[in-house]
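Here is a short briefing on selected local features. Please keep the sequence and the structure open while reading.

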Amino acid sequence: VTEPELIWYATNHLAVISADGSGTGRVLTASVDRNVSNPRFGADGRIRFRLEDSAEDHIVVINADGSGLERLVQGELSASGFDLGPGDELFVRVARTELPGEIFAVASDGDLRALTAVDAEFLASVRLGEVREVRWTSPDGNEVEGFVHFPPDYQPGTRAPFLLRLHGGPVSQFRHSFNFDAHLFAANGYVVLTPNPRGSSGYGQDFSAQLWANWGTPDFQDVMAGVDHLIDQGWIDGERMGVGGWSYGGILTNYVITQTDRFKGAISGASEVLYIANYGHDHYQQQWEAELGLPWEGDNRENWERISPFNRVQHVTTPTLLMGGEKDWNV
């Protein structure tokens, strides 16, 4: 992270430094503006790592001096764990929207050869609906990306009941991987939208940091624009809509139901509603202070109250189920 003051909104970069910790580190991916994780040196002295990019996860290699960046595994997939053989042969866990993660060997030209088929029997026993990657424009001109899961028997031109499913984080993303919950809801007749609004992690630091001390504003606009896009496409019934999520997905659900009455039901799981009540109680104390300030200093308390959904509870008309764990001191 080159800008740690942005806490979790900052992009994680790849850097090298002397093995004994002396000298100054050198950032190798400053121009990429995408999150890097799981770096590993190969026998050839080059570094392989995972790169998060616009709802995809790639495996990338770069020279130790920062030159020669090459995407070894890329495309509409999520490559997560990987390992190297004695000759730097690459083995990777890959998932797609229709495929839970399996292990593949990667050829020199990037072709993937499946080594496992752990879920083949399961997949043969179920019907999966179509999953489409979609993009739409938010009111302020921002492009937003997400996935639409259709019921297996969906008929074009049919307006199906709809679920808006929101991810946690907020610095996270829905990706080209197998979303069991979305497939399950779709199998029960719902069209499901899983959006990546502002705050999501795969679209660069600025896209993520636009949520800084501004929760429930740009991300609310983004997800509601996505709902309207699906209505415009003729896929969903705007009179039969539900919304829900967990952790920040639950928090964003709270922002939705305090700003609109368009949903017939909501589930807010493991969320927060009055943020001052979490101060000194959860383990995010450093992050709360960085983003909103000490609540007893200056005008900081206004920051805490301004973005707390509890302070708009009088606007809630949506039947809502709040869910939390009795022993969950997190959210």
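Tyr190 is partly exposed, at 31% relative accessible area. The model is predicted.

**Around Tyr190**
- Tyr190 sits in the loop that links α2 (180–187) with β14 (191–196).
- Leaving aside residues up to four places away in sequence, Tyr190 touches His149, Phe150, Pro151, Pro161, Phe162, Leu163 and Phe185.
- Gly242 is 52 residues from Tyr190 along the chain, and their C-alpha atoms are 9.8 Å apart.

- Strand β7 (residues 78–84) is mostly covered, with five of its seven residues buried.
- β7 runs antiparallel to β8 (residues 90–96), and five bridges join the two strands.
- Within this pairing, Ser78 of β7 stands opposite Ala95 in β8.
- The two strands form a hairpin, with five residues between them.
- Asp88 lies in the loop between β7 and β8. Its phi is near 65 degrees, a positive value in a residue other than glycine.
- Is Asp88 buried or exposed? Asp88 counts as buried because its relative accessibility is 16%, under the 20% cut-off.

**Helices α4 and α5**
- The axes of α4 (residues 218–232) and α5 (residues 248–257) come within 10 Å and cross at roughly 80 degrees.
- That angle falls in the 65 to 115 degree range, so α4 is roughly perpendicular to α5.
- Which residues meet where α4 and α5 are in contact? From α4 come Asp219, Phe220 and Val223; from α5 come Tyr248, Leu252, Tyr255 and Val256.
- By class, this contact has six nonpolar residues, one charged residue and no polar residues.

**Backbone geometry elsewhere**
- Most residues other than glycine have a negative phi, and most peptide bonds are trans.
- Asn38, in strand β3 (residues 36–41), has a positive phi near 55 degrees.
- Asn38 counts as partly exposed, at 45% relative accessibility.
- The peptide bond from Gly169 to Pro170 is cis, with omega near 5 degrees.
- Pro170 is found in the loop between β13 (160–166) and α2.

Technical notes: Residues are numbered from 1 along each chain as its sequence is written. This is a predicted model: local features need pLDDT of at least 70, side-chain atom pairs count only at pLDDT 80 or more; totals for chains, interfaces and linings use all residues. Side-chain values use heavy atoms; hydrogens and water are left out. Axes are lines fitted to C-alpha atoms, for helices over the stretch in contact, and angles run from 0 to 180 degrees between N-to-C directions. Helices (H or I, at least four residues) and strands (E, at least two) are DSSP runs, numbered from the N terminus. Angles under 35 degrees count as roughly parallel, over 145 as roughly antiparallel, 65 to 115 as roughly perpendicular and the rest as oblique. Contact means heavy atoms within 4.5 Å. Ala, Val, Leu, Ile, Met, Phe, Trp, Tyr, Cys and Pro count as nonpolar, Asp, Glu, Lys and Arg as charged, and the others, Gly among them, as polar. Buried means under 20% relative accessible area, exposed over 50%, partly exposed in between (1.4 Å probe, protein chains only). Two strands pair if DSSP finds at least two bridges between them.
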